[in-house]
Amino acid sequence: MWRSRLLTHWKGLLLSSIGIAASCWLAFSGRLGWYVHPRYFAFTVVMMAIAAVAVLAAFAVLGVRGAEADADATPDAEPRPAPARWRGWGTVVLITATAVALLVLPPATLTTSTAEQRQMNASVTTGAGMGGAGSDAAGAAALAVENGEDLNVRDWSLLLRRGDPGAVTGVETELVGFVLPDEEDPENLFYVSRFVVTCCAVDAQPVGVPVYMPGWQESFATDDWVSVAGVFAPNPSAASAQPVALRAAEAAGTEAPEDPYVY
């Protein structure tokens, strides 16, 4: 009985240690932002430090109790039953798989496989460069462009979804994001996409700007990071419900930014 309890506690502490090590590694390597909003960086690091102290203390307590239990235990010559042996191997496999997933495999950002499971532009809110929502936001965005202020993919997504499409017609911009094919007209349209993170990667929502570029598959593949420069114009695609799209004048592949999300 005592051996089973100790094994359960050791397993939990080992898994906790792996999670703490992975979080600290992400923080010191500058990759924590791929999983957590920057506003929670300090909180995450502090909590991992507290958790590490608690785990070390728990290991010390378990070591003392294990030694005491060994001293008090009576010799048992009977071999362990098969179910107990299988549980032991199962624990080894679980801990090894967790260590490989969190410490060996390289960290990765979200991709179109996640975006396709979540509705595009479903939770677009006012961006940093926007003055408000609706038609007022469209006017504010046009004014921001005239004044040289940069609008990101999230800002333009808000304009095209909640603002007056006519307010952006003829406005030039350059956007960076990953390629996500349009569901309605994938041959001619794709989205320059990014993920908006509110708290962590679990709540990330895809946002994007439709780009009209017939035959884009000849130059890019899904998930490629691209830089697209062009002008907003009425969408020529009869199959798409988007009234306005970015007519690409220049489009080229690019490296993913160090921080691929928008906040």
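Let's start with a strand pair. Strand 4, residues 225-234, and strand 5 pair in the antiparallel sense, over nine bridges. In strand 5, Leu-246 is the bridge partner of Phe-232. Two terms there. Strands pair if DSSP finds at least two bridges between them. Helices (H or I, at least four residues) and strands (E, at least two) are DSSP runs, numbered from the N terminus.

Now the ground rules. This is a predicted model, where local features need pLDDT of at least 70 and side-chain atom pairs count only at pLDDT 80 or more, while totals for chains, interfaces and linings use all residues. Residues are numbered from 1 along each chain as its sequence is written, and side-chain values use heavy atoms, with hydrogens and water left out.

The overall layout, then. The chain has six helices and five strands. From the N terminus, the order is α-α-α-α-α-α-β-β-β-β-β.

So how do the five strands close up, and in what order? They form a barrel, in the order 1-2-3-5-4, with mixed pairing. From one strand to the next, the twist averages 60°. Axes here are lines fitted to C-alpha atoms, for helices over the stretch in contact, and angles run from 0 to 180 degrees between N-to-C directions.

Two more pairs. Strand 1 and strand 4 run antiparallel, joined by seven bridges. There, Glu-172 stands opposite Val-231 of strand 4. Strand 3 (residues 205-212) and strand 5 (residues 244-253) run parallel, with two bridges between them. Tyr-212 faces Arg-247 of strand 5.

Next, helix 6. Helix 6 lies across strand 1, strand 2, strand 3, strand 4 and strand 5, at about 75° to strand 3. Is helix 6 enclosed or open? Eight of its ten residues are buried, so helix 6 is largely enclosed by the rest of the structure. Buried means under 20% relative accessible area, exposed over 50%, partly exposed in between, with a 1.4 Å probe and protein chains only. The buried set in helix 6 includes Arg-154, Asp-155 and Trp-156. At its N-terminal end, Asn-152 is the cap: a side-chain oxygen sits 3.0 Å from the backbone nitrogen of Arg-154. A polar contact is a pair of N or O atoms within 3.5 Å; within protein, one must be able to donate a hydrogen and the other to accept it, and residues adjacent in sequence count only if both atoms are side-chain atoms.

On to the cores. A nonpolar core is a set of buried Ala, Val, Leu, Ile, Met, Phe, Trp, Tyr and Cys residues joined through side-chain atoms within 4.5 Å. The largest has 24 residues, and Trp-156, Phe-190, Val-209 and Phe-232 have the most contacts inside it. Helix 6 and strands 1, 2, 3, 4 and 5 each give two or more residues to this core. Helix 6 gives the most, with four. A separate core of nine residues includes Phe-178, Leu-180, Val-197 and Trp-225.

Ser-193 counts as buried because its relative accessibility is 0%. Its side chain reaches the backbone oxygen of Tyr-191 at 3.3 Å. Beyond four places in sequence, Ser-193 touches Met-120, Gly-177, Phe-178, Leu-180, Val-207 and Gly-208. Contact means heavy atoms within 4.5 Å.

Last, the whole chain. Of its 263 residues, 37% are buried. Among contacts with a separation of 6 or more, 70% join residues 24 or more positions apart.
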